[in-house]
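Here is a short briefing to read with the model open beside you.

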Amino acid sequence: MLRRDLCPIPRAVRPCRLSQPQAFQDDGYPMSTPARLHVAHALHEVFGEGGRVPDIWDRDLGEDAHLAQALLGLCLRRWGRLQAWVKPKLKDPDRGVPLGTRVSLAMGLAQLAWLPGVSDHAAVNESVDLAADRDLGFVPHKGLVNAILRRAAKDRVALAAELDALPAALDRSPAVDRALNAALAPHRAEGELEALWARLQQPPRPDFRLLKGDVPEGLVPVAGLPGCLCLEEGAPFPRPWLEASGGMVQDRSSQALLAYRWDQPVTRILDACAAPGGKTTTLALRHPGATLTALEVHPKRAARLRQTLQQRGVAAQVVQADAAEWLEVCGVTFDLILLDAPCSGSGTLQKHPEWPWLKHEDLPRLTSLQRRLLTAAADHLAPGGLLIYAVCSWLPEEGLAHREWLEQARPDLVPAKVWPARPGATSEPGDEATALFQPHPLRWDGEGFQGFAVRRN
Ligand SMILES: C[S@@+](CC[C@H](N)C(=O)[O-])C[C@H]1O[C@@H](n2cnc3c(N)ncnc32)[C@H](O)[C@@H]1O
């Protein structure tokens, strides 16, 4: 049985053989076995269950987390070509191959091709061990995995060249093509799909926001976005600074979204979908005199939100509730409402390379939830108040479709031009500001986001 929670690996149910470091791991880029097991579990979760890789999947791996992250990223980002490379080497290419075999082979091949610091021994033998693992592999294919990987290990440079030469489209699913086309269409840039895909295949680099004190060494400002910081080339990840709440990780699209220009009085703010609390924190910084209510429907996420805000010294009332239900009974209106709605996350492809392979059938459920939340938020906007709706998705049904519907259904709400009209943003020619937040996916180096702002008459 595979566990849903990938971390930590339950030692009691793992064979001891695989819990011990292997004798051959004496190369300069060793990979401990727990790291490989974590990667295999994560791949089973994605390709077996259609589930996401939990954020904390590598929590207990220590230094090995770097290599595990690299290997998991390679397997997810290049899954299609890894499978395509193997297929002609099988006796019966059209017969289905068990997931355990595909995972063992993909992990072995990815290490041989793209992780030159991993020795042949480590890449091959541990993948063969994995194939022989009753939970994660497919025991009858141990010999097959061994034969394919040993042959591939004879010329690793040629293997990398063959894999790199396969078409990039193999690594995309139909859902990805749809998302990329949706990202490019508003900018009339449909012809740049391959360039966008190539950009999204690069490992993501984090952005940060200063919360208090000095900027730590190694972080530099992002031009044009005050308060946004990024890591200098080669600088260490600023973990101590983050742990001391000197700053937080926040993608530059979120920061740009919250750089709205609004000079009307704001005394009551609602963050309707708040966890994990990055935007709640920014709202508190932007409007220090206002009272701030943060809603979150999931109990665990609400508890974490409360804790995070406390650590950061953010004064907010955190309520665990469905935002629409809570609004119905709250009896107040708000001068500023942020609805950062739950969505498909199609704009987070770079950070979540498993996205192409997830089951995406819950889109209708999400769009109707978004509409329900938007209606409730619109109903509780004070006269003259500002409502910002956003999703980290490029799909029009999660963004612009709601805006068009709102325009028709709610004449009391008018577009509020609160964002600077950057080059590449969708705005009317000559306009200095726009009510539509839709950064160009190639000219803007942040996550895919869509948003719009309306004001109540
Ligand atoms: C996109 S995330 C919000 C991210 C957050 N604004 C931030 O920047 O840190 C959406 C959140 O809405 C929560 N959510 C989903 N349905 C909800 C509902 N009906 N009411 C309130 N929160 C909901 C999800 O659990 C999730 O934490």
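Are Phe 47 and Trp 357 buried or exposed? Both Phe 47 and Trp 357 are buried, where buried means under 20% relative accessible area, exposed over 50% and partly exposed in between, with a 1.4 Å probe and protein chains only. Please keep in mind that this is a predicted model, in which local features need pLDDT of at least 70, side-chain atom pairs count only at pLDDT 80 or more, and totals for chains, interfaces and linings use all residues. Residues are numbered from 1 along each chain as its sequence is written, and side-chain values use heavy atoms, with hydrogens and water left out.

**Aromatic cluster**

- The structure holds seven aromatic pairs; rings of Phe, Tyr and Trp (its six-membered ring) pair if their centres lie within 6.5 Å, and planes under 30 degrees apart count as stacked, over 60 as edge-to-face and the rest as tilted.
- One of these pairs is Phe 47 with Trp 79, which is stacked at 3.8 Å centre to centre with 15° between the planes.
- This pair links distant parts of the chain, as Phe 47 sits in helix α2 and Trp 79 in helix α4, 32 residues apart; helices (H or I, at least four residues) and strands (E, at least two) are DSSP runs, numbered from the N terminus.
- Trp 79 has a relative accessibility of 4%, so Trp 79 counts as buried.
- Phe 47 also pairs with Trp 357: the ring centres are 5.7 Å apart and the planes lie at 50°, so this pair is tilted.
- Because Phe 47 belongs to helix α2 and Trp 357 to the loop between β8 (334-340) and α16 (363-379), the pair ties together parts 310 residues apart in sequence.
- Together, Phe 47, Trp 79 and Trp 357 form one aromatic cluster.

**Around the cluster**

- Helix α4 (residues 79-86) is mostly covered, with seven of its eight residues buried.
- The buried residues of α4 include Trp 79, Leu 82 and Trp 85, and the buried set packs against α2 (33-49), α3 (64-77), α5 (99-114), α7 (142-153) and α8.
- Ser 173, in the loop between α8 (156-165) and α9 (174-184), is buried at 7% relative accessible area.
- Beyond residues up to four places away in sequence, Ser 173 touches Pro 356 and Trp 357, where a contact means heavy atoms within 4.5 Å.

**The ligand**

- The ligand is surrounded by 20 residues, the closest being Glu 296, Arg 301, Asp 322, Ala 323 and Asp 340; a residue counts as near if one of its heavy atoms lies within 4 Å.
- A side-chain N or O atom of Lys 279 is 3.0 Å from an oxygen atom of the ligand.
- A side-chain N or O atom of Asp 322 is 2.9 Å from a nitrogen atom of the ligand.
- Taken alone the ligand exposes 600 Å², and the protein buries 88% of that.

**Gln 250**

- Gln 250 is found in the loop between β4 (247-249) and α12 (252-257), and at 5% relative accessibility Gln 250 counts as buried.
- The side chains of Gln 250 and Thr 282 are joined by a polar contact of 3.4 Å; a polar contact is a pair of N or O atoms within 3.5 Å, and within protein one must be able to donate a hydrogen and the other to accept it, while residues adjacent in sequence count only if both atoms are side-chain atoms.
- A polar atom of the Gln 250 side chain also lies 3.4 Å from the backbone oxygen of Gly 278.

Terms used. Accessible areas come from the Shrake-Rupley method with a 1.4 Å probe; for residues, only the protein chains shown count as cover.
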